[in-house]
Amino acid sequence: MHLSVNGRPHELPEGAVLNGLVAALAADPRGIAVAVNGSVVHAADWPATALYEGDRVEVVTAHQGG
Amino acid sequence: MQIAGEELAPLWLGTGGLTSLETVRRVVAAGAPGLVTVSLRRVSDTGDGSLLATLSALGVRVLPNTAGCLGAREAVLTAELAREALGTDWVKLEVIGDEHSLLPDVVELLEAAETLVGRGFTVLPYTTGDPVVARRLVDVGCAAVMPLGSPIGSGRGIADPHTIETVRAAVDVPVVLDAGIGTPSEAAQAMELGCDAVLVATAVTRAEDPVVMARAMRLAVEAGGLARGAGRIPRRESARASSPMRGRVGR
């Protein structure tokens, strides 16, 4: 299925959950936050959050800034 | 100065533009800031991922910002993500009107501030030098107001000192000068005008020697705060001798 992850097209098998996607993007989940379709998903809910065709996922962390 | 009951040093530092984590460490040590700001960005777009680990090892408070957000909705989501990622409900709320001027969009700012206060955030909004807007931000529950001295990154100092004084007089929450500072004398001036803290980013991070500049800013902010408390003399039209006129030689 096709998703958008951090603004880029992303391919995932049917039945994929959020936890696996986050682990693929960030080695250490500390300091990471995730939103799916504009809503924050708490880290505790990542394993149980199924992803679907067309989902927009944002995976962010702290960066230098003013 | 205090925010939400917490005592903070009056120099706040932005980390944007520092070239290495080692420089981050040395700048924080030299500036002894009350807090440092960070932005929230997509993981694939970030460089070294251990900024947070570096800052937490230094024991300095981290304030996430919503820099670059162009609307209330985007800023609220960024603040929610920051709370999740950093475990803090403090946020420097920045909603800009366009990417050229980086000036605050106060209509969107007020809407975002009200929403975030309602969701339990401690909101520190980057705003204009307009006392009416400052009062409205306080009315919706902001914990401080952060008026700009001049545009972000411009280094032009405090373009109109009177606006900062009027914001100071308009609100009873802390006032933090945010944006425009280029050099320590301007940071001292902000404190002399009645600000409770000064947030400096570019002026330190892009200085030729950021570590020495961080120290200079710390000293300037301290000097300005002391001067505010000491009470400056009134300005006079004419000279007034400080040495006695009586007893001069040859008179």
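## Strand pairing around β5(A)

Two strands are said to pair if DSSP finds at least two bridges between them. The model described here is a predicted one, and its strand pairing can be followed from β5 of chain A, which covers residues 56-64. Within chain A, β3(A) and β5(A) pair in the antiparallel sense over five bridges, and one residue pair that illustrates this is V34(A), whose bridge partner in β5(A) is V59(A). Strand β1 of chain A, residues 2-5, also pairs with β5(A), here in the parallel sense and over two bridges; V5(A) stands opposite V57(A) of β5(A).

## Where chain A meets chain B

The pairing of β5(A) also reaches across to the other chain, where five bridges join β5(A) to strand β4 of chain B, residues 35-42, with the two strands running antiparallel. Two residues of chain A show how this is arranged: V60(A) has R42(B) as its bridge partner in β4(B), while H63(A) has S39(B) as its partner in that strand.

Taken as a whole, the contact between the chains involves 19 residues of chain A and 28 residues of chain B. On the side of chain A that touches chain B, the elements that give two or more residues are β3(A), residues 32-36, and β5(A), and β5(A) gives the most, with seven residues. By class, this side of chain A has nine nonpolar, nine polar and one charged residues.

## Two helices of chain B

Within chain B, helix α5, residues 131-139, packs against helix α6, residues 161-170, at an angle of about 35 degrees, and the axes of the two helices are 8 Å apart. The crossing of α5(B) and α6(B) is right-handed. On the α5(B) side the contact is made by P131(B), A134(B) and R135(B), and on the α6(B) side by T166(B), V167(B) and A170(B). These contact residues divide into four nonpolar, one polar and one charged.

## The largest nonpolar core

The largest nonpolar core has 94 residues, and those that touch the most other members are L93(B), V176(B), V198(B) and V200(B). Helix α3 of chain B, residues 72-86, provides the largest share of this core, with nine residues. For V200(B), leaving aside neighbours within four places in sequence, the contacts are L11(B), L13(B), G14(B), I181(B), A187(B) and M217(B).

Not counting residues up to four places away in sequence, R83(B) touches T88(B) and D89(B). Between R83(B) and P64(B), which are 19 residues apart along the chain, the C-alpha atoms are separated by 8.3 Å.

Technical notes:
Residues are numbered from 1 along each chain as its sequence is written. Chains are lettered from A and ligands numbered from 1 in the order in which they are written. This is a predicted model: local features need pLDDT of at least 70, side-chain atom pairs count only at pLDDT 80 or more; totals for chains, interfaces and linings use all residues. Two residues are in contact if their C-beta atoms, placed from the backbone, lie within 7 Å. Helices (H or I, at least four residues) and strands (E, at least two) are DSSP runs, numbered from the N terminus. Ala, Val, Leu, Ile, Met, Phe, Trp, Tyr, Cys and Pro count as nonpolar, Asp, Glu, Lys and Arg as charged, and the others, Gly among them, as polar. Axes are lines fitted to C-alpha atoms, for helices over the stretch in contact, and angles run from 0 to 180 degrees between N-to-C directions. A crossing is left-handed if the near helix is turned anticlockwise from the far one by less than a right angle, and right-handed if clockwise. A nonpolar core is a set of buried Ala, Val, Leu, Ile, Met, Phe, Trp, Tyr and Cys residues joined through C-beta atoms within 7 Å. A residue is buried if 20 or more other C-beta atoms lie within 10 Å of its own, exposed if 12 or fewer, and partly exposed in between; C-beta atoms are placed from the backbone.
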